[in-house]
Amino acid sequence: MDKEIVIKVCTGTGGVASGGEKVLSAFQDAIAATGIEATFYEKCTTKKVGCRGFCSKDVLVDILINGEKTTYKHVKVDMVPRIFDEHIVKGNPVAEWTVEDDYYTFHEKQQKVVLSHCGEIDPEDIDAYIAVGGYEAARKAILSMSPEEIVDAVKKSNLRGRGGAGFPTGLKWELGLRIRSDIKFVICNGDEGDPGAFMDRSVMEGDPHSVIEGMIICAKATGSRRGYIYVRAEYPLAVKRLQLAIDMCHKQKFLGKKIFGSDFDFDLSIFQGAGAFVCGEATALMRSIEGKRGMPSPKMWRSAEKGLWDKPTVLNNVETFANIPRIILKGASWYRNLGTERSGGTKVFSITGKVKNTGLVEVPLGVSLRHIIYDIGGGIEGDKTFKAIQTGGPSGGCIPAEHLDIEVDYESLAQVGSIMGSGGMVVLDETSCMVNTAKFFLEFTQEESCGKCTPCRIGTKRMLEILGRITRGKGRDGDIELLEELGRYIRAASLCGLGMTAPNPVLSTLRYFRHEYEAHIKEKRCPAAVCRDLITYTIHEEICKGCGACKKVCPADAIRGTRKTPHKIDQSLCVKCGTCFDACKFKSIMKA
Amino acid sequence: MVTFKIDGQKVTVRKLSTILDAARKLDIPIPTLCHHPALSPFGGCRLCIVEIKGSPKPVTSCTTFARDGMEVKTSSPQLENMRKMTLELLLSDHPTDCMVCERAGDCKLQELAYFYGIKENRFIGERRTYDKKDGNPFIARDMEKCILCGQCVRICDEIQGVGAIDFAYRGLKTKICPPFDKDLNCEFCGQCVAICPTGALTGKMWKQKGRQNFTKIDTICPYCGCGCNITLHVRRNEVMRVSSKPETLNEGWLCPKGRFGYQFISSPDRLTKPLIRTISKEYSASDTWNIPPYPPLAKGGRRGGSDIFREVSWDEAFDYIAERLRDIREKSGPDAIAGLASARCTNEENYLFQKFMRAVIGTNNIDHCARY
Ligand SMILES: Cc1cc2nc3c(=O)[nH]c(=O)nc-3n(C[C@H](O)[C@H](O)[C@H](O)COP(=O)(O)O)c2cc1C
Ligand code: SF4
Ligand code: SF4
Ligand code: SF4
Ligand code: FES
C-alpha cells in the first residue's frame with residue numbers, strides 16, 4: 001500500500017535557534033540512507049515550516065502519515081534515528097517524545113487567521129502558498145475589482161491597524177485612493193521594535209507571501225506602483241524569506257510589469273532598518289527610508305497626503321497586510337463577525353512572563369484577558385497568584401486582576417490605562433514588584449527616545465531617576481505626585497507615540513498598585529521582596545539546624561555561627577545577593 | 001484664506017498658515033525655542049503649545065495649520081504649567097553658567113527662564129557632560145548647553161546646503177554633532193552660530209570680548225559682489241562681532257568671510273606707512289621673476305627697512321606713483337595700466353579707486369574681488 005509521509009520541521013527563528021535546520025537534515029539523511037522511497041513505494045517528503053507560536057517546545061516536528069498527524073517536541077538530532085525507525089518505518093509513534101495535552105489546548109482555544117499558514121506550509125516555496133489558495137485574492141483584486149470595491153471591502157471588514165494605534169485600515173486606504181498623484185507608495189511596517197514581540201517576525205518568516213499579497217491588493221486599491229517592506233536587519237531570516245518570495249513573484253509575474261496579465265504595474269523592495277525602536281513610528285520609518293535619521297516629524301499632513309518623499313503613502317503593519325487576502329477571499333462580513341462591534345477579526349498576541357504556556361496566540365478580538373491567560377496560557381506558572389498583565393509592549397500599562405474580564409480591543413484596553421500596542425503581553429505574578437516593573441519598561445523607552453522633544457528626552461529620564469530612588473529606598477514624600485504630574489505632562493506634550501505612551505507603565509501601576517509605591521517610600525519596604533536595597537535576609541533561629549551551608553556560600557562572609565547552633569547574618573556585611581537563601585535546605589532563611 | 005479666533009481675537013490668514021504664524025501677526029506672544037520662520041517646522045521643544053476648543057490635548061502651534069472656525073487659547077493655567085515643566089526639564093540638563101556664558105543677555109533659554117521665574121528645579125538629575133575640543137578657529141561648541149532645538153541642523157542642511165551636522169545618539173545622550181562624532185570640519189559659515197538660541201554655539205573670537213553694550217553699525221560686507229548687509233558690533237573703535245539682520249537683502253545669512261573675517265581691521269600687521277619696493281642689485285631688471293621671497297616680518301609686524309621695501313613719506317610715495325603712471329600712460333597709452341584693489345579696503349576707498357582709474361587714468365582695466 002502506498003503511504004504518504006510528510007515530515008514538517010519548524011524552522012522559524014525559534015526553531016532554527018534550537019537546531020531546526022540540523023534536525024531537518026538529519027531526517028533528510030535518514031530518508032536517503034534507507035532509500036525508503038524506492039523500497040516501500042512510499043512517498044516521504046520533508047518540509048520546512050514557520051513558527052507555530054509555541055517556541056518553548058521547539059524543535060517541533062510533525063509527522064503526517066496519510067494525513068494522520070503526530071507532533072514531537074524538543075526534537076534533537078540524536079532523537080531522529082529512533083523516531084525514524086520506530087515511527088516512520090515501523091509505524092509506532094515514540095509516545096514518550098510526543099507533545100502533551102497542553103500543546104493541543106494551546107492551539108485549540110485559538111482562532112488562526114493570520115497564522116493559519118504558519119507552521120503548515122513551506123514559506124520558501126511559492127507553490128505551497130498557491131496550493132492553499134495563495135494569490136487568488138490578489139488575482140481577483142487586480143483583474144476583477146475596482147479600487148473602490150477593494151476599499152469598500154476593507155472598510156466593511158472593520159479591520160483596524162495592527163501596528164498599535166488601531167486606525168481603521170479601510171479609511172486609510174480610502175484617503176490614499178482619493179489623493180491624486182502620479183507617484184504613490186505602499187509601505188509595510190515590519191520594524192517590530194518591541195522587545196519580546198515576534199508576531200510580525202513569525203508572519204514574515206512563516207508566511208511571507210501573505211504580506212506581499214496584501215500589499216499588491218493595497219497597491220491596486222490606492223493606485224500605487226511602488227512598495228517597500230521595512231524590516232529590521234536583526235531579522236535576517238525574515239529578510240531572506242521575503243526576498244525569496246519577492247523573487248518568486250517576479251518569476252510568476254505577480255510583481256513587476258503588467259501583473260497577473262493586467263496592465264497594472266507594481267513592484268516591491270525590502271528596506272533593512274538598523275534597528276531603532278522609534279523607526280517603527282510611521283514618520284520616522286519614512287525618514288529612515290529616505291536616508292535620513294529615523295526621527296518622527298510632526299503630523300502636519302497625513303501620510304496618505306504627504307508621506308515618503310512627500311508623496312502619498314499608505315503604510316500598514318505586517319499583520320494588517322496579512323489579513324487582507326483573507327478578507328478579499330472569504331468576505332468582509334466573515335472577517336467582521338470574528339471580532340467585536342468596534343474592531344473586526346483576530347489579533348496575534350505574544351504572551352510571555354509567568355504563564356505556563358508562553359508563545360504566540362491568535363484570538364478573535366473581544367475575548368477576555370482571562371481566556372488568554374488561563375485557557376490558552378494554561379494559568380500561572382508554579383500555581384502562584386496572578387498579579388497583573390502588562391499589555392502593548394514596553395509602553396503599555398499593567399492591568400490588575402479586577403479587569404481580567406474586559407473584552408480585549410483597542411478601546412477597552414485604553415479605558416483601563418493600557419494599550420493594544422503591537423500585542424505584547426507579559427504576565428506578572430505575586431513575585432513581581434510593580435515599581436520595579438514600571439522602572440524596567442521605562443528604562444527601555446527612555447533609552448530609545450529619539451531625543452527630539454523635551455518631555456520624552458528629559459522627562460522620561462527624570463521619571464526613571466525618581467523610580468530609581470524609590471526602589472533604592474531613597475524615595476521622598478511627594479515623589480508619587482511628582483511622578484503623576486510628570487507622567488501626565490509627558491503623555492500630553494510629547495511629539496510622537498513613543499513619548500505619549502512611555503509613562504503608561506508608571507501611571508497604570510500608580511493607579512492600581514499605589515500601595516506598593518507607598519510601602520517603598522514610607523516604610524522602605526518592597527512588598528514583593530524584589531528591590532535589593534529594601535530586602536533583608538534573616539535566619540529563623542528555630543528552623544536553622546546549624547548545618548553551615550549558608551556560611552559556606554556567602555560571598556561577603558556575613559554569616560556567623562558554629563555548627564549545630566543557629567546561625568546569624570551580620571546585616572552590616574550582607575550584600576543581599578540571596579545566595580544563602582537558595583543554599584538553605586531547611587528554608588530557614590527569610591527574605592522580606 | 002482662513003478665518004479663526006486666537007484668544008478671542010478674529011484673524012484671517014493665508015491657507016496653510018500655522019497658528020503660530022497667525023499669533024505672530026496679531027502680536028500675541030507664544031514662547032518658542034525651536035521654531036524659525038525660514039526653516040522647516042520641527043516641533044521639538046514643545047513650548048509653543050496652545051489649546052484648541054474641542055481638542056482633548058494641547059497642540060504645538062508651530063506645526064498646526066489654522067483651520068476655519070478654530071478657537072485657540074494661547075494661555076491657561078494648564079498650558080503655563082506645562083511650559084514651566086518643559087523649561088524646568090531643559091534647565092535640569094543645563095549648566096547654570098549664565099554669568100560666564102557668551103550668550104547671557106541674548107539667550108532665549110535664559111530669557112524664558114526669567115519670564116517663568118524658574119529659580120528652583122524639582123528635577124535635578126543626570127546631566128550630559130562632554131569634553132569641549134574644537135580644532136577649528138571659528139566655532140566653539142559647548143554641547144552641554146544645547147537644548148536640541150535642531151535649528152543648526154536645519155539651517156546647515158536647508159539654507160547652507162551642507163549638512164555637516166545632525167542628531168546622533170538616543171535618549172538623554174542625544175547630541176548634535178558631525179558624522180561619527182568627529183571634529184567639526186565644514187565651511188565654517190557660522191550660520192549655526194547665528195541661529196543657535198543658546199550659548200551652545202558661539203564664535204571663538206567672541207570669547208570674553210563682551211556681550212552687550214556694543215555700538216552697532218550697519219554696513220555692507222566688502223568681500224564680494226553679493227553685498228550682504230552686515231552689522232558691526234563695535235566697542236572702543238574695535239569690531240568685536242559681525243552679525244546680519246534677517247530683514248535684509250541677504251535675509252541675515254552670511255558666509256565665513258563676512259561673519260568671521262573681520263580681525264584684519266585692528267590687526268597689528270597692517271601697514272601704517274607707505275613702502276616703496278627696492279630691488280637689490282643681484283636681482284636685476286632682467287630677472288624680475290626671481291625676486292626672493294619676502295623676508296619674515298620683523299617683530300611688531302613692520303616691514304620697513306628691509307632691502308626690498310623702503311619706508312617713505314606720503315609725499316614721496318605720491319610723487320613716485322604720479323611720475324610712474326604719467327610716464328607709462330604717455331609712452332604706452334592708458335590701457336597699459338591696470339588696477340587691482342582689495343576687499344579689505346572700505347567700500348568708499350574702492351569707489352574712489354575705480355573712479356580714479358576710469359576718469360583720471362582713462363582705462364577700464366580695473367578689478368577687485370567684489371567686482372566693479
Ligand atoms: C514608538 C513607536 C513604535 C512603533 N513601532 C511599530 C512597529 O514596530 N510596527 C508597526 O507596525 N507599527 C509600529 N508603530 C505604529 C506605526 O506608527 C503606525 O501607526 C503603524 O505601522 C500603521 O499601520 P497599521 O495602521 O496597519 O497599524 C509604532 C509607533 C510608535 C509611536
Ligand atoms: S516623543 Fe520621544 S521618540 Fe517621539 S519625537 Fe519626542 S523624543 Fe522623539
Ligand atoms: S546658554 Fe543661555 S541659559 Fe545657558 S548658560 Fe548660556 S546664557 Fe545661560
Ligand atoms: S547647538 Fe544651538 S541651534 Fe543647535 S540644536 Fe543646540 S541649541 Fe539648537
Ligand atoms: S516652537 Fe513649536 S515646538 Fe518648539
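Author: One term to start with. A polar contact is a pair of N or O atoms within 3.5 Å; within protein, one must be able to donate a hydrogen and the other to accept it, and residues adjacent in sequence count only if both atoms are side-chain atoms.

Reader: How many residue pairs are in polar contact between chain A and chain B?

Author: There are 18 such residue pairs between chain A and chain B, both residues at pLDDT 80 or more. This is a predicted model, where local features need pLDDT of at least 70, side-chain atom pairs count only at pLDDT 80 or more, and totals for chains, interfaces and linings use all residues. Residues are numbered from 1 along each chain as its sequence is written, chains are lettered from A and ligands numbered from 1 in the order in which they are written, and side-chain values use heavy atoms, with hydrogens and water left out.

Reader: Which elements of chain A give two or more residues to the side that touches chain B?

Author: Helices H18 (434-448), H19 (454-471) and H20 (479-493) of chain A do. Helices (H or I, at least four residues) and strands (E, at least two) are DSSP runs, numbered from the N terminus. H19(A) gives the most, with 8 residues. By class, this side of chain A has 16 nonpolar, 7 polar and 10 charged residues. Ala, Val, Leu, Ile, Met, Phe, Trp, Tyr, Cys and Pro count as nonpolar, Asp, Glu, Lys and Arg as charged, and the others, Gly among them, as polar.

Reader: How many residues are in contact, and what area is buried?

Author: 33 residues of chain A are in contact (heavy atoms within 4.5 Å) with 36 residues of chain B. The two chains bury about 2,900 Å² between them, 61% of it on carbon and sulfur atoms. Buried area is the accessible area (1.4 Å probe) that two parts lose on being put together, summed over both.

Reader: How many salt bridges across that interface?

Author: The rule finds 3 between chain A and chain B. It asks for a side-chain nitrogen of Lys or Arg within 4 Å of a carboxyl oxygen of Asp or Glu. One salt bridge joins the side chains of Lys461(A) and Glu126(B), at 2.9 Å, N to O.

Reader: And over all chains?

Author: The whole structure has 56 salt bridges. Lys57(A) and Asp102(A) form a salt bridge at 3.3 Å, N to O. That pair links distant parts of the chain, 45 residues apart: Lys57(A) is in the loop between E2 and E3 of chain A, and Asp102(A) is in helix H5 (residues 101-108) of chain A.

Reader: New topic. How many cavities of 30 Å³ or more are there?

Author: The structure holds 5. On a 1 Å grid over the protein atoms alone, a cavity is a set of points where a 1.4 Å probe fits but cannot get out; lining residues have an atom within 4 Å of a point. Grid points are joined across faces, edges and corners, and a volume is the space filled by probe spheres set on the points. The largest cavity has about 180 Å³ of space.

Reader: Which residues are closest to its centre?

Author: Of the 21 lining residues, Cys156(B), Ile165(B), Leu184(B), Cys186(B) and Cys192(B) are the closest. H4(B) gives the largest share of the lining, 3 residues. The lining divides into 16 nonpolar, 3 polar and 2 charged residues.

How values were computed: On a 1 Å grid over the protein atoms alone, a cavity is a set of points where a 1.4 Å probe fits but cannot get out, and a pocket is an open set with protein on both sides within 12 Å along at least five of seven lines; lining residues have an atom within 4 Å of a point.
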